[in-house]
Amino acid sequence: AGRAAADFPPRRTGETLSARGPHEAVSVHWPPEWERQCALMLTWPRPDGDFGPHYAEVIRCFARIAVSAAQMQRVIVTVESAAREREARALIDRDDSLGRIQFYILPSDDVWARDHGPIAVNTPSGPQLRDFRFNGWGGKYPASADNALSARLHAAGAFGSWPLRSVDFTLEGGAIETNGADVLLATRRSVLDPARNTDCSQATAESVLRQELGLCHFHWLEHGGIAGDDTDGHIDTLARFVARDHIVYQGSAGPDDPSHAALSALETELQGLRDPQGKPYRLTRLPAPCPLRSRGGDPLPAGYANFCLINGAVLLPTYADPNDAQAQAILQSCFPGRRIIPIDSRPLIEQYGSIHCVTMHIPELT
């Protein structure tokens with residue numbers, strides 16, 4: 001379903017990308033999010049899904065994300081039916097003057113494209129997609145349709161002619177960060193989780209990440225977490241690379257914040273990290289919105305670290321909070337050449353995720 005997808009940019013002949021680890025050469029490279037992108041992937045909500053009680057609000061939020069990204073790059077939107085496509089088009093077509101938003105009618109369980117979408121890498125034979133297994137964050141939620149979605153999109157031509165490789169390892173995109181120099185930043189518990197990968201040792205995980213993504217240096221964090229998070233501490237809610245030597249991280253709202261102890265421990269741990277050359281990283285603390293609760297009274301993991309980079313811009317989650325402006329100013333200083341686009345993410349956070357969680361970027365590889 002949907003319009004035919006144009007091929008992604010072809011690889012230049014004769015080009016070989018490589019990265020060296022401590023003991024071996026690695027011929028795979030996973031670029032950082034700030035490098036140029038060719039597409040952004042979204043999985044549209046369903047009215048009978050978890051967002052049902054405030055469905056009208058959340059699809060307006062999705063439409064704003066899609067339209068903002070479409071000014072810069074192609075947008076791949078999965079919808080469950082022709083009715084959902086018509087509904088989405090009614091919200092976005094008047095603003096999609098460039099025709100960059102493409103729809104594919106395929107089944108899905110939920111909206112969290114960052115975790116069920118493919119990860120694109122460069123290899124000596126050209127761009128490839130890695131399709132890691134997705135099991136609903138360790139079996140917490142149904143995930144069979146989401147687990148199959150990348151392969152179905154690939155079969156439908158959404159990713160052009162790029163090969164897709166299934167990887168027999170459970171991993172979510174929101175659980176991992178790279179600085180573009182083959183360094184991994186992740187919380188140990190969200191990757192080395194027996195509910196995700198039975199009897200998985202750190203050495204095994206590092207071997208998979210080295211082979212599939214070219215990662216050679218590993219920062220496994222023990223601390224950090226926001227009250228209400230159900231991902232076991234995804235790094236994209238806590239700390240993000242904004243340059244090879246620079247990390248922004250989520251601070252707490254103060255001693256009364258239920259996340260204060262965990263986020264303070266994260267800060268201390270980040271201060272102790274050293275890059276492969278033995279140097280400390282530059283660190284920038286993000287403010288926290290006032291603690292939010294769902295309509296049912298549960299804590300919500302609202303934060304500003306869950307921003308999404310697109311070509312020429314940053315999609316920043318906001319929460320109608322006084323600290324929204326400070327977060328915007330900080331990220332503007334980190335990305336002086338990009339426009340900051342604030343997006344009210346209160347409808348998203350009602351289901352415990354934000355902008356980075358509902359998007360998956362596809363880098364422009366050659």
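This is a predicted model: local features need pLDDT of at least 70, side-chain atom pairs count only at pLDDT 80 or more; totals for chains, interfaces and linings use all residues.
Local features were taken at pLDDT of at least 70 and side-chain atom pairs only at pLDDT 80 or more, whereas totals for chains, interfaces and linings use all residues. Residues are numbered from 1 along each chain as its sequence is written, and side-chain values use heavy atoms, with hydrogens and water left out.

We can begin with the charged pairs. The structure holds 21 salt bridges, each defined as a side-chain nitrogen of Lys or Arg within 4 Å of a carboxyl oxygen of Asp or Glu. One of these joins Arg240 and Glu33, with 3.1 Å from N to O. This pair connects distant parts of the chain, 207 residues apart: Arg240 sits in strand 12 (residues 239-243), and Glu33 in the loop between strand 2 (25-26) and strand 3 (37-43). Helices (H or I, at least four residues) and strands (E, at least two) are DSSP runs, numbered from the N terminus. Arg240 is buried at a relative accessible area of 2%, and Glu33 is buried at 9%; buried means under 20% relative accessible area, exposed over 50%, and partly exposed in between (1.4 Å probe, protein chains only).

A local pair is found in helix 2 (residues 82-92), where Arg89 and Glu85 lie four residues apart, about one turn of the helix. Their closest N and O atoms are 2.9 Å apart, and Glu85 is buried at 14% relative accessibility. Arg346 and Asp344 form a salt bridge at 2.6 Å, N to O; here Arg346 is partly exposed at 40%, as is Asp344 at 32%. Elsewhere, salt bridges link Arg46, Asp48, Glu80, Arg84 and Glu87 into a network.

On a 1 Å grid over the protein atoms alone, a cavity is a set of points where a 1.4 Å probe fits but cannot get out, and lining residues have an atom within 4 Å of a point. Grid points are joined across faces, edges and corners, and a volume is the space filled by probe spheres set on the points.

The largest cavity has a volume of about 130 Å³. Among its 15 lining residues, Trp30, Glu33, Arg114, Ile176 and His361 are the closest to the centre. Strand 20 gives the largest share of the lining, three residues.

Definitions and conventions:
On a 1 Å grid over the protein atoms alone, a cavity is a set of points where a 1.4 Å probe fits but cannot get out, and a pocket is an open set with protein on both sides within 12 Å along at least five of seven lines; lining residues have an atom within 4 Å of a point.
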